[in-house]
Amino acid sequence: MEKEKKRIKLYRRRRNSNTVVVLVGAVALLYIVAQTVYAFSNHYVTVAATRVTVEDSIECSGIFIRDEELIENVTSPTVKHLASNGERVKKQSQLAVVYAGEAALETSRELERLEAEVTLLRAALRSAGDYSDTARLDQQLTAAMRTLSSQVKDGIVTDAKDTAEGLREQSLRRAAGSLETETLREELEALERQMSALSNQVSGQTRSILSPATGYFSETVDGYEGILTEELLETLSYEQLVGLMEDKPRNVPENALGKIVRGFSWYFAAPIDLSDARRTRVGAKVTVRFSQTGETVTASVHDIRRSDDEEHALVILTGDRFTSSIVSMREQEIDLIFGSYTGLKVPKEAVRVETETRTDKDGVETTITRIGVYIMSGSFARFKEITQIYEADSYYVVKQELNSASASNALVMQDLIIIQGKEIEDRKVLK
C-alpha cells in the first residue's frame, strides 16, 4: 500500500512538470508568431504636428560695467532719502536730507503725513456737494483697482504704491459729494496751521545732499565703482574679466549714501565658450533675461574678444534701458538668447528626402529633390514639403506656411506625421 502511494505521488509530480513545459512552449511560440506578423506587416506610427516656440540660448554669468560716481561721507543715522532707487536725477538735484537729530527727523515724518492729508482734503473739497461726476469717478475707481491688483500680482511695488495713493484720493472724492464744504474747509485750515508750526520747528536743522552728476541713482554700493569703469572696458580681456569675477573687492565704503550711474548706456561683460560666441556678431541684437529678476531686455553686441587659448571669448553687451534693478545689479546669471523661433515641431525620424526625375518636351531630364514628411490623411499617405528654421536634438522646427501659394499643401497643426512605417508613397492607401 505504501509503495502504491509513492508511485501515485511521483506520477502526479511528473504530470505537473510536463504541463509547465507545455505552457512555456506555447507562450514562446505565440511570441515568435506575433513578432513575425509584426515584422511582415506594415505598421504605422504617427504623431500630431504641434506649434512650438523655442529659444536658441545659453546660460552664462557676467558682470555690469558702468560709469559710476560714489556719494560718500554721509554718516548720520538721521538721513531721509528723497530719490528712489533707479530714479533719473539731474546734477545738483536733492537726493536726501540729513537732520540734526532724531526729533527733527520725526517732525519731518509727521509733516509728510500731514501733507498727504492736506492733498486728499483739497481733492475732496473740489468734489464736495457735486454729484455730476459720480459715474466718471466710479469708472476710474474700477480701473484703478484692476491696475493695483495686476501690479501687486506682478510684484511691481513702486508703481503699486503710486496707484494706491491715487485710488485713495479718488475714493475720497467719490464720497465727498455728500460732505459739507464748510466742514472740509475748516479741517483743511487746521491742518495747514499745524504744518506751518512743524515747519518752523525743523527750520535750520537740515542739510541737503545733492547729486554730483546727472544719471540714475542707486542705493547699492559694492566696491566695484572705481574698478569697473568705461575706461577699463576699452582694454578688458577674457582673462582679466575672469580674474575680476573671482577676486571680490575688499574695500567697500560704509559711509556712502549710494552712487550715480552716469550716462545713458550700460555694459555687461560675460566669459563664454568661443563656439557660443560664433553664434552672434558685433552689432547684432540679442535678448538678455536676468535670472535674479526674470526681467528681459534687448541689448546689442558691443564687442567679441577671443581668449589667449582660442577656446573662450569675452562678449560685451550694451543696452540703454534702465530700471531700479538694472542700476543695482552687478554680477548676474543670465540667459543670452540669440534668437526665438516659432513653427511646427517635426521629429527627425519622420523627415524624408524624395527625388523625382522629370523630362521636359525636349527630352531633358531634371532631378528634383524634395525634403518633407508623410502624413496620414484619412486612409491615404500624403507627402508635404517642409522648410527647416531651427534644429534641436531630436526634432526640427519648420516654417508654418499660412499665406504662401503652397499653403494648400503645407504642413498644418494636428496633421498626423508618420514617424514609422514601410513602403510609404504619396497617395498610397494605408488602411
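What follows is a short exchange about charged residues in this predicted model.

Me: How many salt bridges are there?
Reply: The count comes to 18 salt bridges.

Me: What does E68 pair with?
Reply: E68 forms a salt bridge with K259, and the closest N and O atoms are 3.5 Å apart. E68 lies in strand β3 (residues 68-71) and K259 in strand β9 (residues 258-262), so the pair ties together parts that are 191 residues apart in sequence.

Me: Are E68 and K259 buried or exposed?
Reply: Both E68 and K259 are buried.

Me: Which residues are linked with them in a network of salt bridges?
Reply: The network of salt bridges links R66, E68, D222, E225, K259 and R330.

Me: Now to D303. What does its side chain meet in a salt bridge?
Reply: D303 meets R305, at 2.8 Å from N to O. D303 counts as partly exposed because its relative accessibility is 22%, whereas R305 is buried, with a relative accessible area of 18%.

Me: And what about E310?
Reply: The side chains of E310 and R306 form a salt bridge of 2.9 Å, N to O. E310 is partly exposed at 43% relative accessibility, and R306 is partly exposed at 49%.

Me: Changing topic, which residues gather in a patch of negative charge on the surface?
Reply: That patch gathers E239, D273, D308, D309 and E311.

Me: Where is D309 placed?
Reply: D309 is in the loop between β12 (296-306) and β13 (312-319). With a relative accessibility of 41%, D309 counts as partly exposed.

Definitions and conventions. Residues numbered from 1 in each chain as written. Predicted model: local features only at pLDDT ≥ 70, side-chain atom pairs only at ≥ 80, totals over all residues. Heavy atoms only, no water. Patch = residues over 30% accessible without salt bridge, like charges linked within 9 Å, V, L, I, M, F, W, Y side chains within 5 Å. Areas by Shrake-Rupley, 256 points an atom, 1.4 Å probe, with all protein chains shown as cover. Salt bridge = Lys/Arg side-chain N within 4 Å of Asp/Glu carboxyl O. Lys, Arg positive; Asp, Glu negative; His and termini not counted. Charge placed at Lys NZ, Arg CZ, Asp CG, Glu CD. Helix = DSSP H or I, 4+ residues; strand = E, 2+ residues; numbered from the N terminus. Buried < 20%, exposed > 50% of the residue type's maximum accessible area, 1.4 Å probe, protein only.
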